[in-house]
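Student: Please give me a close look at one part of this model. Start from the loop and its surroundings, then go on to the charged side chains.

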Amino acid sequence: MTDTRTDQPAAVLIAVDEASGIGLLTLNRPDQRNPLSAAAMREVTMGLRALSAEPATRVIVIRAEGPVFSAGHDLREMIGRTLEDERIIFDTCTEMMQTVQSVPQPVIASVQGTAVAAGCQLVASCDLAVASSDAVFGTPGVKIGLFCSTPMVALSRAVGRKRAMQMLLTGETIDAATAADWGLINFVVDPAVLESETAALAAKIVSASPATVRIGKEAFYRQIELSQEQAYEAMAETMATNAMICDAQEGMTAFVEKRRPVWQGR
């Protein structure tokens, strides 16, 4: 699809592979380092919602064309603007990041090259992330006078306070191996197998009950900010109600009977 107003390709492409259950969202402005302009972020949000609404979608993968995953916000649209203009940009960013975690399907970032600023934030916001060995991550805003405060929200929850502050205060990038060690990504693979390894991870999720996965993702984000006592109270009720659904009863019965479960998705 082409943007007829600018003769540029669409900033975001979406597709569903019904056979694998993978919904694919691709950042598609490689010549511009896949910037997350306000328009692009709205497209990502709409793309995630559209993929989520497709019955065949069991997992969503966010990837990018070109050597850069995303260089973050388009700084050109942040110069000489009003305070309200700036607020709209960051409200749009917040909506996109929250949509990543609010759609019921797990979202996997498949990262090659550079993911910095809001691009790093997008990776940190995803439920899982796989990166090629040449990937680098950073929050360099401090170097240009714009502290990465919104990326900080996702980053600090992924890597912890001290490591997040190191990245935020120095603006220096970390390599893929360090990102895996710190918990920003799940694992590192050779660039040649990034796509296949991401698909393999998605396949493991697809093999589970979709109803159970939906329950689990929602429950994870609901309990993570609660106190331990509140989290146990909430999750005990969640597990009790989960145990009553058709797929849970089928799964437990299949385990006892030593056979493969047949999921109904409910």
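**A loop residue, its patch and the salt bridges**

Tutor: Val142 sits in the loop between strand 10 (136–138) and helix 4 (149–159) (DSSP runs numbered from the N terminus; helices are H or I, at least four residues, strands E, at least two). The model is predicted: local features need pLDDT of at least 70, side-chain atom pairs pLDDT 80 or more, while totals for chains, interfaces and linings use all residues. Numbering starts from 1 along each chain as its sequence is written, and side-chain values use heavy atoms, without hydrogens and water.

Val142 is partly exposed, at 31% relative accessible area (buried is under 20%, exposed over 50%, partly exposed in between; 1.4 Å probe, protein chains only).

Now the charges. The model holds nine salt bridges (a Lys or Arg side-chain nitrogen within 4 Å of an Asp or Glu carboxyl oxygen). Asp74 pairs with Arg76 at 3.0 Å, N to O. Asp74 is buried at 14%; Arg76 is exposed at 59%.

Arg87 and Glu84 pair at 3.8 Å, N to O. Both lie in helix 2 (residues 83–102), three residues apart, about one turn. Arg87 is partly exposed at 45%, and Glu84 is partly exposed at 46%.

Glu250 meets Arg259 at 2.7 Å, N to O. Glu250 is buried at 16%; Arg259 is partly exposed at 35%. A salt-bridge network links Glu250 and Arg259 with Glu257.
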